[in-house]
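I open this notebook to record what I looked up in the structure. The entries follow the order in which I consulted it.

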Amino acid sequence: MSMTEPTMMAMPPKPKPLAICIRDLRVNYGKFEAVKGISLDIPHGEVFGFIGPNGAGKSSTFRVLATLQPKFRGMALVCGLDVLSQPQQVRHVMGFVPDFFGVYEDLTSLEYLHFFAAAYKLPISKRKGTIDDVLTLTDMTHKADSPVDSLSRGMKQRLALARVLLHDPQVLLLDEPSSGLDPRARIEMRELLKALREMGKTILISSHILQELSLLCTRIGIIELGHIVAEGSLHEIYRKLQLMRMVHIRIENPADDLLDRVQKIPGIGSVETQVDRWVIRLHEDLMSVADLHQALVDQKARLTMFQPEAMDMETAFMKLTEGKTA
Amino acid sequence: MIPELPLLRRELAELSSRRRTYVIRFVGAIIVLTTVMVYYNFHMALLGSSISGFGSANPHRFLGAGAPIFRGLVPVLFVSVQLLMPALICGSITIEKERNTIGTLFVTRLSPMTIVLEKLGSRLVPMFTFLLLTFPVLAVVYSLGGVETTFLLGTLWLLFCECLLHASIGLLCSSWFATTVTAFIWSYGLTGLLAVFSSLFAHDLPLALPTPYYLWIAAFQGFNSSGYGNNSLLSQSSSGFLHPLAQMLFVVATTIPSLMVTAVMVLMARVFLVRRAFISSASVMLKVFKSIDGFFVRLNDRTTGGMVLMKDYTSLPLFDPVAWRERSKKSLGKARYLFRILVVMEGPTLFICVGAATVSARSDFSGLRDLLLLVWGIVAMILAMKGATIISTERVRETLDALLSTPLTAKEILTQKVAGMQRLMMVLAIPILSVHFTLLLLNVDFREIMSSPATILIVVWYTLGFILTTFLTMQILVWLAVLFGLRSQSQSRSAMTGICLIAGWVIVSSFLGRPGGYVFEAFSNICQSIQQGDSSRSGSENNETPTMQLNQTIAAVICCMIRADGGIQANEGVLVAVGNPYVEKTELYYAPSRSIHAALTVATVVFLWQVLLLLLIRMLTLRLAPRMLGRFDQESEYHTPEVQHFTSPSGTISEMIA
């Protein structure tokens, strides 16, 4: 054993840099300030949702991280690489799908991927295998020889994702990847993003479909008029805003006294009776959803439906933002 | 009751808020005023020199001088209409298609005819306001006397008809095509075609001509203040005794064919506005080529049972993806499509060259030089358009961001784009080289060459020179066009900017740097003064001194350096100097004193200058590229990413959803 070994073993491992680190980011277009001092830390493996009204500064932030915004102030690091001084290295570790993008109408899907594989300077010997893999992952193998122009919007989005996966980037920047997609394509896109999350990719995603982000993201940031107005996990934001969970129930024996008894259960905010169901607003910090179920059973309620709603992100969004746009 | 005309209002409001409107108006006014000043000075000087001595200070002697100035000015106005009108109107309908707003227009209560007419009106108003700018100048010219009222009113009417005719051509193109760029090219193409046919039949069938400009030439060029000249259409048709009102009616009657053509084209525009409102913006040329391919495939299937001798090899990009796409996927990049372009251009060129070689008796080569000019015009237009839209096409189709977020630097993207155009340049160079080669064959006596090794060297020099300068000039044009189109957000704007700026450089530099032009004249005057001094000492007038030859050489070098086609002109000087004794000395291009040494010097210096110019333009373009494309680059470091195999823990999307 060499002399240096004990020393090396005693040294703590070098901390891995954050996937994305933004400090006091400011972007101006002439006199208009689109981003006014945003700071963000996104560790590796996280799916960070960026929510905000149109013109809030989301796309500007994405463009800075994608090395497409030459003029900005502040600091932006991707995997510890400075966007301003090391743009070439950043392009190797990052994949960017812009909010509006076109495709080369004169190419087939396979040619399109080969085009970008060459643009990313992938070794020729490995190109075919990599392209086959991304085509399989995005379920595009059967469309490999189809002209890109003939693909549906959902397919084009998947092809765009396949494109940015070619060089196996650590960070994915997805600016509204689900906009304009039909429900099926949206579900497919969501599942694909979940798969990428499982593969350990760090994803920064913006979307207007809040329900979708709540199902996918580990943390979210709400941005308005160039400022981040809230940031954290969904639960943290709900707790901060004192939001209640909605639980839909259907009871076989809806007697009047049962409604009174249920309303008196500690932790229940209110009970709204609708034609076919009751809607319970629950303080989750006082009572969990499982405890509510037990409490209802204890009150002799014969439940035919018990459906807790996903956290009400729209309410959070509406509470946090004032609807001001640039 | 006055109709509201909402579309016309909107269009005029949009036009008035564009900076381009005022720039065009300003440039146009400068051109018109300069022309008037030149003609005014010229005629005043002529009158001043013709009347000398007693009474020469009498201002009455200038009376009647208005007619020649007017006659010089009006063609400028006609040419301005021909040049400006297509540019103004070609985007009127295509822009609605490009913005996807044409459907919104259709669902309003505006009928298609109303849309067409209001679009027409919206472009005629700026043209008329431009012509109105010249009215004060016309009034001054009219006040000098010599311009008959019929002459003035007839000219105004014909100008109005010219505006209508060219506006209807542009409108028709705009309603037919999907993009402004295509409509722009076809508008100018049809305008040029009309001008060529009108000029061809101008002398034979004046009444049947649709172009008001040639009607004006036929009716008024020989019209003079003292009555009707012998060579004017009015005098020929009426024996010179028509009442002014009758003359005016006669002029109006001659424009009926032109007005009918205008009306037909407006009606066609209305039909195509609806039928071709939602057509795809895919390349028209690519579509044409594909339909031709389909025809030949069917023909081959029928005749040979589908036998294929050489199969299409579909490659995938290995190293230069951008250049690969330009070469193998674009209509102006694929070898078999380029071959068709070559046939279309080279066929007529060779035909004319062979005709010139057969008919010419080694004395008249102006036809071939005109052909060279025409071929270069077409080539320059194609290259300028292609070069200027090289980035804006990506920007408009929203593919630029994806490309810019790859590790390819802006420099690599641009150099690969231009490299993808090399095949096109080679194909376009062939007709030009054919004309040069014909010129060589006609100018040089090969029997004499065999006896003179020095002449062989010069012929080789000329041959190498025309090959190199052709490609050099093409490269300069392409890189300039790329530079001009780098920042532009739309294809039409970048194409127009590229074409107009290059055309402007060619026209202005050719005008300034022509043999006998202002720049050349300045040096010629110096030479003349030296020659006079020397001849007074030596007593001989014809011998050229070395100093004079040097001055002429410098003048030629400067002229060629200014000109866009300077390298080609300087090289032609070598041919003229070495070869044809029948060419008049005054027609010598840039072969000062018919001295072969001077011609070689001029050609060499200009060639080196053009190489330097190309390097400068290329360097400037590549230096500005990252900023203009909206990103920042550092020096490229080759980095081979570690490639992993993508295996999601959950399998493919279908499996995950299942």
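Basis. I note that this is a predicted model, in which local features need pLDDT of at least 70, side-chain atom pairs count only at pLDDT 80 or more, and totals for chains, interfaces and linings use all residues. Residues are numbered from 1 along each chain as its sequence is written, chains are lettered from A and ligands numbered from 1 in the order in which they are written, and side-chain values use heavy atoms, with hydrogens and water left out.

Confidence. I looked up the pLDDT (the predictor's confidence in each residue, from 0 to 100) of chain A, and its average is 83. A score of at least 70 is reached by 90% of the residues. Confidence in chain A is lowest in helix α1 (residues 4-10), with a mean of 48, and highest in helix α11 (residues 289-298), at 91. Helices are DSSP runs of H or I with at least four residues, strands are runs of E with at least two, and both are numbered from the N terminus. Over residues 1-8 of chain A the pLDDT is below 50, and this stretch has zero contacts (heavy atoms within 4.5 Å) beyond near neighbours in sequence.

Make-up of chain A. I found 12 helices and 14 strands in chain A. Of its 326 residues, 53% are buried; buried means under 20% relative accessible area, exposed over 50%, and partly exposed in between (1.4 Å probe, protein chains only).

Backbone. I noted that D139(A), not a glycine, has a positive phi of about 60 degrees. D139(A) sits in the loop between α5 (124-137) and α6 (153-165) of chain A and counts as buried because its relative accessibility is 18%. E176(A) also has a positive phi, near 50 degrees, and lies in the loop between β7 (171-175) and α7 (183-198) of chain A.

Cysteines. I looked for disulfides (pairs of cysteine sulfur atoms within 2.5 Å) and the count over all chains is zero.
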